[in-house]
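Here are a few friendly notes to read alongside the structure. Please keep the viewer open and follow the points one at a time.

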Amino acid sequence: MSLTSIGGDLLGTIPLGDIVLYLNPLHLFLFVTIIIFTILIAISRTETQVEAMFGSLEENKVSVGMKEFKHRRFLAIICGLATAGAMITGDLFNFTLFMALIGIVNIGIVSAVKQIDVLDSAYQYGLIAMMCGLPLFGGAAIILASTGTLSLFTLAAAPTVAPMTIFGALMMLVGIAGESGIAPFFATKAEMFRTPGSPFILIIHLSSLFIIVRSVEILLIIIHVI
Amino acid sequence: MKIAKIWNKLAKPKNIPRLFAAILACVLIIGFVIPTALDGDQLYPRPEPQSQMDAGLSIAPYDRGGEILKEPGTTIAEYPENSKYIGWINSYMSPIADTARSISPYFGTTIYSSPGGLIDEILYYTRGFDTILESSILMMAFIIASWLMLNFTMDRRNEKETIQNDVKRAIKSSDRIANEVEESNRKARAKQRKRES
């Protein structure tokens, strides 16, 4: 049971008190990729959707205003940074906090849209994100209670896994599934994208993809599968 | 039920929070039958409830030992090598808080909650990064809410065109709902007629 069995050899740690971020080849790859995407998003402009009109030769352009553009860009950058942080964190509670940050920023990115359908589904996603607070933080708390630690290094080195720890991991899985919108909870997040302003909307999708990859690793470390 | 129908139901955002709540409830019910196995060697221990009150400590229930600037209090860290000054923050109190403690045994909780009184070492030292993240989540929520407030709620009165469009859209959607209701009524009536005949 070692950290190195999934992500590769340990390259180094970033100690911040009890919260120790650590890097191995997998994390480094994910971290660098998301940072590159965030930079690309930060310097890009939004797309303009062109809709052909029926019965005439005119066209309808759906674009994003300057104010909305700035608001979205800011939140998209924060979302990218939060995802990058979640990629290298070595502390369970820290990871759930990064996830909560991603959730609220995702709602914020689409909050400025003027399409009722998109806002409706963002509202539904907000309900899920709110509910996710319970399984995410509750799961982390149960794991802390049953193992006495939150650090992934110590969790990976623990000799046995109690049933309560596995239950904590299961609760975290439910929280992660809801927050990142994987099946069967995909509908709310998928409907949220249906709006102009492509690069910023994409970070919603990208962040949940990366979070899924990282959370699978973390859950496997906790329940000692590999 | 056919699987196609289930997929169609899952594609409606309105159904998703309900589904999620149901699944979450099922998982939480499993929690009742899981045997609780608490680890005795906790990283963030708490004294027994009421034990500090019974001992008559003046800043109960938040006394963590130590003496101001002389002796560190008790804090356990996962990585003590990363926190050199562990315990010193817990034992520190500002002069005002110290005076309040010395004159009366009843200000324990107030000293804790006032800034510059007792500082929680776990919150601000060993796990300080978590606190930064927590407050940034709050800040993002405020940024989103205030941006919406400034750009929609206030400017909306002047945007006559948007309001007109919204009214039109609302009328259209209410028409659509009325049509749907009528349609379902008609279907129900047809069904009943079939049953009766």
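1. Start where helix 7 of chain A meets helix 2 of chain B. From chain A, the residues to look for are A:Phe167, A:Leu170, A:Met171, A:Val174 and A:Gly178. Across from them, helix 2 of chain B brings B:Phe20, B:Ile23, B:Leu24, B:Val27, B:Ile30 and B:Gly31. By residue type, this helix-to-helix contact divides into 9 nonpolar, 2 polar and no charged residues.

2. How are these helices arranged? Two packed helices are described by the angle between their axes and by the distance between those axes. For helix 7 of chain A and helix 2 of chain B, the angle is about 175° and the axes are 10 Å apart. Angles over 145 degrees count as roughly antiparallel, and helix 7 of chain A and helix 2 of chain B are therefore roughly antiparallel to each other.

3. Please remember that this is a predicted model. For the complex, the predictor gives an ipTM of 0.89 and a pTM of 0.84. Chain B has an average pLDDT of 84, and 93% of its residues score at least 70. Within chain B, confidence is highest in helix 2 (residues 16-33), at a mean of 93, and lowest in helix 6 (residues 108-113), at 69.

4. Now step back to the whole contact between the chains. It takes 47 residues from chain A and 46 residues from chain B. On the chain A side, the elements that give two or more residues include strand 1 (12-16), strand 2 (19-23), helix 4 (92-111) and helix 7 (163-180). Helix 5 of chain A supplies the largest share of that side, 11 residues. The chain A side divides into 28 nonpolar, 15 polar and 4 charged residues.

5. Which kinds of element make up chain B? Chain B has 9 helices and 0 strands. The radius of gyration of chain B is 30 Å, well over the 16 Å that the globule rule gives for 197 residues, so chain B is more spread out than a compact globule. Its C-alpha atoms fill a box of roughly 90 × 55 × 35 Å along the principal axes.

6. Of its 197 residues, 17% count as buried. Among contacts in chain B between residues at least 6 apart in sequence, 43% join residues at least 24 apart.

Methods: Residues numbered from 1 in each chain as written. Chains lettered and ligands numbered in written order. Predicted model: local features only at pLDDT ≥ 70, side-chain atom pairs only at ≥ 80, totals over all residues. Contact = placed C-beta atoms within 7 Å. Helix = DSSP H or I, 4+ residues; strand = E, 2+ residues; numbered from the N terminus. Nonpolar A, V, L, I, M, F, W, Y, C, P; charged D, E, K, R; others polar. pLDDT = per-residue confidence, 0-100. Rg over C-alpha atoms; globule rule 2.2 N^0.38 Å. Buried ≥ 20, exposed ≤ 12 C-beta atoms within 10 Å, placed from the backbone. Axes fitted to C-alpha atoms, helices over the stretch in contact; angles between N-to-C directions. Parallel < 35°, antiparallel > 145°, perpendicular 65-115°, else oblique.
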